[in-house]
Amino acid sequence: MRSIWNGAISFGLVSIPIKLVNATESHSISFRQIHTEDGGRIRYRKFCELEDREVTQGEIGKGYEDADGSIIPITDEDLSSLPIPTAKTIEIVAFVPADRIDPLQMDAAYYLQASGAPAAKPYTLLREALKRSNKVAIAKFALRGRERLGMLRVVGDAIAMHGLLWPDEVRAPEGVAPDTDVTVRDKELDLADALMDTLGEVDLEDLHDEYREAVEEVIAAKASGEALPQAPEPAAGGKVLDLMAALENSVRAARESRGEEAEHAEVKSLPQRTTARAAPKETGGKKSASTAKKTAAKKTAASAKKSTAKSGQGTKKTASKSTASKGTAKKTPAKKATPRKRSA
């Protein structure tokens, strides 16, 4: 591994020559900026504003902008000769229990590699002292233009150093926690504990970056002209209306995924809202269809009979009326003429 800093560990009057190497590496996929119309690369070129020309990396240095806008050049030699002991030394200032370090302070991680054979003995001495004491070393060191805080601990047979943020660089969690009063019942805590126990532990070696793998599949598909992989359908979710039911469901699902029987995961279903109208009972498809046909046929026949009966009755009444009128005309006698009296 390539070293990024050379110096020494100051352990009291003991000096341990070391090399600082990165302990981590990034496997994330990086993208280039392109011109969307033609796919051309977008590049940033560095120009000197006084000469109005592009400059190479070797011509670029550091400078501090003063309040009046003037630039004060600062060279690497200026920084390497700073009047502080940590310019080229990792100075151990204390040994503390590991739980005294807030994980929020954790920053980048490095390995401290012994530089040469003379460093092997004091390096091993410090490593074994850290092991036996079950403590970590707090140190100060300067890297990339500023002094930093570090924590030294043992990793296997090596000494690792975690960069630490200064305490005033960690923000207080003000306004983050809920500002409403919430009461958590013991039964809810018991279910949460059961869920934690069911999920159990995990071997971090088994975890991997699924997002990076999915991006690689998309890149490979586009490069070969194949169809892009389809995203899975999102799981149907809803609002959590009952925390107890949600916890019980979670415990049961976790146990089932591990092949265990969910004995104690009793799910309480929420009461469903009843609608104003009750849905009609459904019968078998064929029976209901035939019944409906028969009912319709009966109704049609009945209505036809009624209409026929009415029309028959109307005809009979009309006929009887006309017959009655004829009979009345025959039976009525003709009026006799009354003789007129003659006057004398």
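Predicted model: local features only at pLDDT ≥ 70, side-chain atom pairs only at ≥ 80, totals over all residues.

User: What order do the strands of the barrel run in?

Analyst: The order is S1-S2-S8-S11-S10-S9-S7. The barrel is closed, has seven strands and mixes its pairing senses. From one strand to the next, the twist averages 40°.

User: S9 and S10: parallel or antiparallel?

Analyst: Antiparallel, over seven bridges. S10 covers residues 146–155. Within that pair, Ile138 has Met151 of S10 as its bridge partner.

User: And H2, which strands does it touch?

Analyst: H2 packs on the sheet and touches S1, S2, S7, S8, S9, S10 and S11. Its direction makes about 85° with that of S2.

User: Switching to packing. How many residues are in the largest nonpolar core?

Analyst: There are 20. The members touching the most others are Ile9, Ile18, Ile90, Leu112, Leu126, Leu152 and Met161.

User: Which elements supply at least two residues each?

Analyst: Strands S1 (3–11), S2 (14–22), S7 (89–97), S8 (106–114), S9 (135–143) and S11 (158–164) do, and so does helix H2 (120–133). S9 gives the most, with four residues.

User: What does Leu112 touch?

Analyst: Leaving out residues up to four places away in sequence, Leu112 touches Ile9, Ile18, Lys19, Leu20, Ile90, Tyr123, Leu152, Ile159 and Met161.

Conventions. Residues numbered from 1 in each chain as written. Heavy atoms only, no water. Core = buried A, V, L, I, M, F, W, Y, C linked by side-chain atoms within 4.5 Å. Buried < 20%, exposed > 50% of the residue type's maximum accessible area, 1.4 Å probe, protein only. Contact = heavy atoms within 4.5 Å. Pairing = 2+ DSSP bridges. Axes fitted to C-alpha atoms, helices over the stretch in contact; angles between N-to-C directions.
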